[in-house]
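Biologist: Could you show me how to read a helix in a model like this one? I'd like to go through it one feature at a time.

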Amino acid sequence: MTLINTQNRDVTVKKLAVLVTTSPYSNLSVTALDYIETALQSGIELVGVFFYQNGVMHANKGIQIASDEFQAIQHWQRLQQTYNLPLHLCITAAEKRGMSDENTESIHSIFTVSGLGELVELSTKADRMVQL
């Protein structure tokens with residue numbers, strides 16, 4: 001059982017879902033990864049992470065971020081492997097950004113191609129959904 005203080009009241013959260021809409025080259029990616037790892041380490045069950053809007057760019061194999069900048073994909077891979085964390089990718093948002101489930105070479109293999117139905121399912125399984 002873990003308490004998260006929201007608006008000056010404590011809320012018990014056992015199951016959490018996260019919606020990532022920030023791009024991999026945004027500083028908010030670091031915040032999202034830190035938030036998720038802290039939740040996992042404190043015993044909160046993460047039912048899944050859903051990547052939507054510019055968040056789908058985390059799964060894009062074609063994106064190149066300078067080697068001296070934060071490499072979010074390495075951290076997603078580590079979290080996925082360490083915690084068997086489900087990483088869902090909105091295919092509609094991905095297709096708008098040049099990725100396709102027909103060309104799987106454009107999408108990192110740690111991501112599961114999904115749709116908004118999966119987002120709804122994650123929200124029903126979780127006590128809270130957080131968007132970063």
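Predicted model: local features only at pLDDT ≥ 70, side-chain atom pairs only at ≥ 80, totals over all residues.

Biologist: Is aspartate 34 buried, partly exposed or exposed?

Modeller: Its relative accessibility is 47%, so aspartate 34 counts as partly exposed. The cut-offs are under 20% for buried and over 50% for exposed. Across space, the C-alpha atoms of aspartate 34 and histidine 75 are 9.7 Å apart, although 41 residues separate the two in sequence.

Biologist: What span should H1 have?

Modeller: With 14 residues at 1.5 Å a residue, H1 should span 20 Å, and its end C-alpha atoms are 20 Å apart, so the two values agree.

Biologist: Which residues of H1 are buried?

Modeller: First the general idea: an α-helix has 3.6 residues a turn, so residues three or four places apart point the same way. In H1, the buried residues are Ser29, Ala32, Leu33, Ile36, Glu37, Ala39 and Leu40. They cover an arc of only 160 degrees around the axis, which means that they sit on the same side of H1.

Biologist: What do the buried residues of H1 pack against?

Modeller: Their partners are strand E3 (15–20), strand E4 (45–51) and H2. After H1 comes glycine 43, with a positive phi near 95 degrees.

Biologist: And what about glutamine 80, in helix H2?

Modeller: Helix H2 covers residues 72–83. Glutamine 80 counts as buried because its relative accessibility is 19%. Leaving aside residues up to four places away in sequence, glutamine 80 touches Leu85, Leu87 and Ile110.

Conventions. Residues numbered from 1 in each chain as written. Heavy atoms only, no water. Helix = DSSP H or I, 4+ residues; strand = E, 2+ residues; numbered from the N terminus. Buried < 20%, exposed > 50% of the residue type's maximum accessible area, 1.4 Å probe, protein only. Contact = heavy atoms within 4.5 Å. Expected span 1.5 Å × (residues − 1). Arc of directions from axis to C-beta.
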